[in-house]
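User: I would like to go through the terms used for this structure and see what each one rests on. Please set the values against the cut-offs.

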Amino acid sequence: MELVLAIGIGVMTGSGVWLLLRPRTYQVIVGLSLLSYAVNLFIFGVGGIKRHAPPILPEGGIADPARFTDPVPQALVLTAIVIGFATTALFLVVLLASRGLTGTDHVDGREQSK
Amino acid sequence: MSFWSEHLVIAPILIPLVVGAILVLLDEKRRVAKSMISVLSTLALLVVAVQIMRYVSAVHAPGASVTAVYMLGNWPAPFGIVLVADRLSAMMLVLTALLALASLIFSLARWHKAGPHFHTLFQLLLMGLNGAFLTGDLFNLFVFFEVMLAASYGLLLHGSGPARVKAGLHYIAVNLAAALLFLIGVSLIYGITGTLNMADLAARIPELPHENRILLEAGCAVLGVAFLVKAGMWPLNFWLPPAYTAAAAPVAAIFAVMSKLGVYVIMRLSLLLFGDQAQESAGFGFDVLLYGGMITMAFGAVGVVASQALGRLAGYSVLVSSGTMLAAVGWGSTGVTAGALFYMVSSTLTIAAFFLLIELVERGQDAGANVLAVTMEAYGDADEEEEDDEVGVAMPGTLAALGICFGMCGILLAGLPPLSGFIAKFAMMSSMFNPAGLGSDLAIRPSAWWLVALIILSGLSALIAMTRAGIRTFWASIEGTVPRVLVMEMAPVILLLFLTVMLTLEGGSVMAYLEETARNLHVPQSYMNDVMSAQPIKPQEGGQP
């Protein structure tokens, strides 16, 4: 399970970084989205991978810490998802504005001279 | 404590949040009402910030500092979220409020009409800045950072135009990537130490087992990179000069304090987490800051000399200022930190004043005014001329006033006597050469010579560039068009420069405050104790919370 998660995060980060460095705005935004998915999974993984363990204490306190998930990373992931979503949407608007103003989807606003 | 002083610490976050929300609801046509509300809110922020500063600088016992801790959910520190106001945060709050007031008044002359929701974005930017200065835990730092960044994206694009959109596109992409690094760093730190509270983190780091330290240091390094992007350390700063040049003048002025937020966080976390008490990890990253800061200064100094446009000159001055601060933090001694804090206040005020001044000076050369006219047209603002008359009277003796302000900016940036830029640089250099006070024969660190040389050379390059630009602007103009400058636009510039004069005259008491601040930063035990021992408020009899 850890291996699958680690490979997943690695592949997404790798593709995200590659896309982020591409010259088209669409590639950049997809790269940023992939990176943010990878980071969200990473934060989630920091809390440890457990199955059938609620992040809520049973009545009467903790019986067995192994049957309990840390709720903090989950809360962090939720916040990170919301903020990432909002900023990506904002970036999309700027991307469209740039396309409209310059007539090209190159990140520098003009095609590279050949 | 009374109700008001108890809740004073959260006011710098609540006031702009509420005001920003109210301003969204008001129609764009009611500009006067919006401006009034915005100015009142910023004035209130200034009053609150000064009150907080007075509260934390009150000396109750010698050597003991006061840290105001505000528990947001009334839970004690490592479990609940806390706001912490100490001397450094209070100083940053006052600085932010002063800059905000100046750039807001400046924007009222014309810039706030160049696009929708200027005041809302401005207030939310202030909320993010104040929150980031006050927060006591890492994740809230992220949240406030994002609030600030989201508002800054909007403000950078304020006024629109291809140049701004292009700079904005780069700025947003760089900052989104930095935010992701921030998250990776925070989650690594949480995974190792199990806490996000800064004070708790500082207490846990010395007890970490050896094998976990590599991961912790990696986490802190990743986190540091995110802030160094914001602060503009070479080679993470190529986005900064174009973005700051493209921004509207009042926006660029408030952005000057935004770069200092990156420096603030680096300073706070480095000294808190990796001070002497961190044992094995003590001093982690300080060399990177010292040498990185020095390279940034050199890069900025070359950029300043190479700049043709005034806007770029100011952008590179931001880098010189950040580089000096980072190198001083990396130096890691109390005296240098105190001098660096003085330098931070002085250079932030100067650069903000300079950004505002550039707009006025360039108006005479027509380039800036044309762009503004076009954007005004795009928003269908036909009655611009009439409103200009309402807003204020044209300034008499404009060129003389502009020239004097320009000269003062030059002196401040170059660090020449008699103004505060000189005192700041002198304070830093003097404690580098005399770490234990005058007369002691402690060996001078070899890097001191490099750092001092860079501080002086960066001042020299600022002097050359400012002289050249000044001659070209004020003496060699062939057409001789006198820019039409309103008193209202000149007043904020004069206010900011007057503050640097005050900083010079009151140098002794300001330095005393900053030396105490630096001592608290380098020996953070009282900060940690105050945060960790703060007690939640007991519910009173009769159900009153």
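User: Among contacts in chain B between residues at least 6 apart in sequence, what share joins residues at least 24 apart?

Analyst: The share is 81%, where contact means heavy atoms within 4.5 Å. This is a predicted model, in which local features need pLDDT of at least 70, side-chain atom pairs count only at pLDDT 80 or more, and totals for chains, interfaces and linings use all residues. Residues are numbered from 1 along each chain as its sequence is written, chains are lettered from A and ligands numbered from 1 in the order in which they are written, and side-chain values use heavy atoms, with hydrogens and water left out.

User: Why is B:Cys405 called buried?

Analyst: Buried means under 20% relative accessible area, exposed over 50%, and partly exposed in between (1.4 Å probe, protein chains only). B:Cys405 has 6% relative accessibility, so B:Cys405 counts as buried. B:Cys220, with a relative accessible area of 10%, is buried as well. Of the 545 residues of chain B, 60% count as buried.

User: How do you know that B:Cys405 is too far from B:Cys409 for a bond?

Analyst: A disulfide is a pair of cysteine sulfur atoms within 2.5 Å. The sulfur of B:Cys405 has its closest cysteine sulfur in B:Cys409, 7.0 Å away, and therefore too far for a bond. Over all chains, the structure holds 0 disulfides.

User: What makes B:Glu211 exposed?

Analyst: Its relative accessible area is 59%, so B:Glu211 is exposed. B:Glu211 lies in helix H9 (residues 210–231) of chain B; helices (H or I, at least four residues) and strands (E, at least two) are DSSP runs, numbered from the N terminus.

User: Why is H2(A) called roughly parallel to H7(B), and why is H4(B) called oblique to H21(B)?

Analyst: Axes are lines fitted to C-alpha atoms, for helices over the stretch in contact, and angles run from 0 to 180 degrees between N-to-C directions. Angles under 35 degrees count as roughly parallel, over 145 as roughly antiparallel, 65 to 115 as roughly perpendicular and the rest as oblique. The axes of H2 (residues 25–46) of chain A and H7 (residues 162–193) of chain B cross at roughly 10 degrees and come within 9 Å. H2(A) is therefore roughly parallel to H7(B). For H4 (residues 87–109) and H21 (residues 507–522) of chain B, the axes also come within 9 Å, but cross at roughly 130 degrees. H4(B) is therefore oblique to H21(B).
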